[in-house]
Amino acid sequence: MTNDTRTADAKSRQDRVLIFDTTLRDGEQSPGATMTHAEKLEIAEMLDEMGVDIIEAGFPIASEGDFEAVSAIARQSRNAVICGLARANYKDIDRCWEAVRHAKRPRIHTFIGTSPLHRAIPNLDMDQMAERIHETVSHARNLCDNVQWSPMDATRTEHDYLCRVVEIAIRAGATTINIPDTVGYTAPRESADLIRMLLDRVPGADTITFATHCHNDLGMATANALAAVEAGARQIECTINGLGERAGNTALEEVVMALKVRNDIMPYRTGIDTTKIMNISRRVAAVSGFPVQFNKAIVGKNAFAHESGIHQDGMLKNAQTFEIMRPEDIGLSASNLVMGKHSGRAALRDKLRQLGYELADNQLNDVFVRFKALADRKKEVYDDDLVALMTDTASEA
Ligand code: KIV
Ligand code: ZN
């Protein structure tokens with residue numbers, strides 16, 4: 001290998017951001033989002049297929065059903081690392097290992113709440129908790145080469161203590177350290193500062209991968225995750241459609257498309273085949289029973305829809321006027337010019353042309369008046385409405 005190739009190779013490793021999908025674990029923790037065994041297997045297969053690096057398949061100790069689902073996903077996995085969640089005790093970790101060990105590439109993810117509020121729950125003081133972290137991460141590492149550790153509520157943990165426990169986890173063998181913003185409390189600058197501080201202060205921090213795991217309580221999960229990446233995190237934890245507890249997790253489609261579309265200012269790569277996004281978004285919405293809001297970024301029904309005359313006219317001349325990404329990039333066939341009361345002549349002419357009607361200017365003017373009257377009565381004018389309108393116009397002529 002020449003020096004140039006070596007440098008290019010090292011740079012490409014630095015630029016690569018791993019996508020860790022937790023739709024089947026944190027996503028499924030949304031009240032009411034429970035999926036069946038078969039549905040979980042189907043979603044896991046789609047995630048693997050689209051190039052997700054790590055799939056968090058569930059919480060094996062939580063129930064027999066979760067254990068069975070994680071084991072089955074581990075057995076069917078092809079490329080992705082399959083990860084299970086475990087609390088900081090041997091029983092959880094052993095059960096998790098039992099489930100993930102069938103994967104080609106298994107991972108154990110163990111966690112404990114490290115903020116003052118969370119330390120009070122198991123009633124451990126700082127030293128006792130540090131000891132527990134050392135024991136449980138070492139135990140996990142004795143079972144599996146690939147161990148992720150998370151200080152839950154990291155963004156509300158004292159910085160000195162966070163540095164101390166992260167160092168302990170690294171020494172005990174953790175290969176990924178995840179920094180969860182468990183209650184969606186942080187903001188982009190703070191999210192970045194936290195990762196930078198850990199990289200600066202913790203011995204051994206440069207030997208492991210830092211992950212960012214954000215919740216969306218203040219609507220900042222995507223911004224916080226991207227800020228963490230800019231500061232040095234190289235794994236983003238996210239879910240399809242942003243499914244997750246309360247206001248949800250970072251949405252996979254948002255971070256992946258942000259890194260693709262704004263690669264000029266965020267020069268990082270993921271391994272995701274973005275053309276599979278729309279399909280999996282629809283499937284997750286269907287099986288979880290959580291519909292996607294119309295104006296949701298990337299995958300909402302209106303994300304590539306245009307109704308106003310000015311926008312439709314611009315779109316017909318050059319789609320980039322009002323779209324920053326191509327619908328094909330997320331697996332849609334085309335943008336949607338919605339016919340309604342804000343639509344103009346250019347869009348009406350174009351739509352009628354698609355339906356097989358070629359109109360002279362004076363005919364178009366007449367039909368346009370009728371169309372506006374109809375659009376005032378109806379929220380959306382569908383293709384069938386336009387065909388009926390053309391039939392009526394022809395019979396009156
Ligand atoms: O939000 C959180 O803190 C979690 C942990 C279990 C990683 O989901
Ligand atoms: Zn979470």
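## Packing of helices α15 and α16

In this predicted model, D366, V367, R370, F371 and L374 of α15 are in contact with D385, L389 and T393 of α16. Classed by residue type, this contact comprises 4 nonpolar, 1 polar and 3 charged residues.

Two packed helices are described by the angle between their axes and the distance between the axes. For α15 (residues 361-377) and α16 (residues 383-396), the axes come within 11 Å and cross at roughly 130°. An angle from 65 to 115 degrees would count as roughly perpendicular and one over 145 as roughly antiparallel; α15 and α16 are therefore oblique to each other. The crossing of these helices is right-handed.

The buried residues are A221, T222, A223, N224, A225, L226, A227, A228, V229 and A231.

These buried residues pack against the strands β6 (176-181), β7 (209-214) and β8 (235-238), and against the helices α9 (188-201) and α11 (252-261). After α10 comes G232, which has a positive phi near 130°.

The shell around ligand 1 consists of D26, F111, S150, M152, N178, P180, T182, H213 and H215. By class, 3 of these residues are nonpolar, 5 are polar and 1 is charged.

Strands β5 (147-152) and β6 each contribute at least two residues to this shell. Strand β6 is also among the elements against which the buried residues of α10 pack.

Terms used. Residues are numbered from 1 along each chain as its sequence is written. Chains are lettered from A and ligands numbered from 1 in the order in which they are written. This is a predicted model: local features need pLDDT of at least 70, side-chain atom pairs count only at pLDDT 80 or more; totals for chains, interfaces and linings use all residues. A residue is buried if 20 or more other C-beta atoms lie within 10 Å of its own, exposed if 12 or fewer, and partly exposed in between; C-beta atoms are placed from the backbone. Helices (H or I, at least four residues) and strands (E, at least two) are DSSP runs, numbered from the N terminus. Two residues are in contact if their C-beta atoms, placed from the backbone, lie within 7 Å. A residue is near a molecule or strand if its C-beta atom, placed from the backbone, lies within 6 Å of it. Ala, Val, Leu, Ile, Met, Phe, Trp, Tyr, Cys and Pro count as nonpolar, Asp, Glu, Lys and Arg as charged, and the others, Gly among them, as polar. Axes are lines fitted to C-alpha atoms, for helices over the stretch in contact, and angles run from 0 to 180 degrees between N-to-C directions. Angles under 35 degrees count as roughly parallel, over 145 as roughly antiparallel, 65 to 115 as roughly perpendicular and the rest as oblique. A crossing is left-handed if the near helix is turned anticlockwise from the far one by less than a right angle, and right-handed if clockwise.
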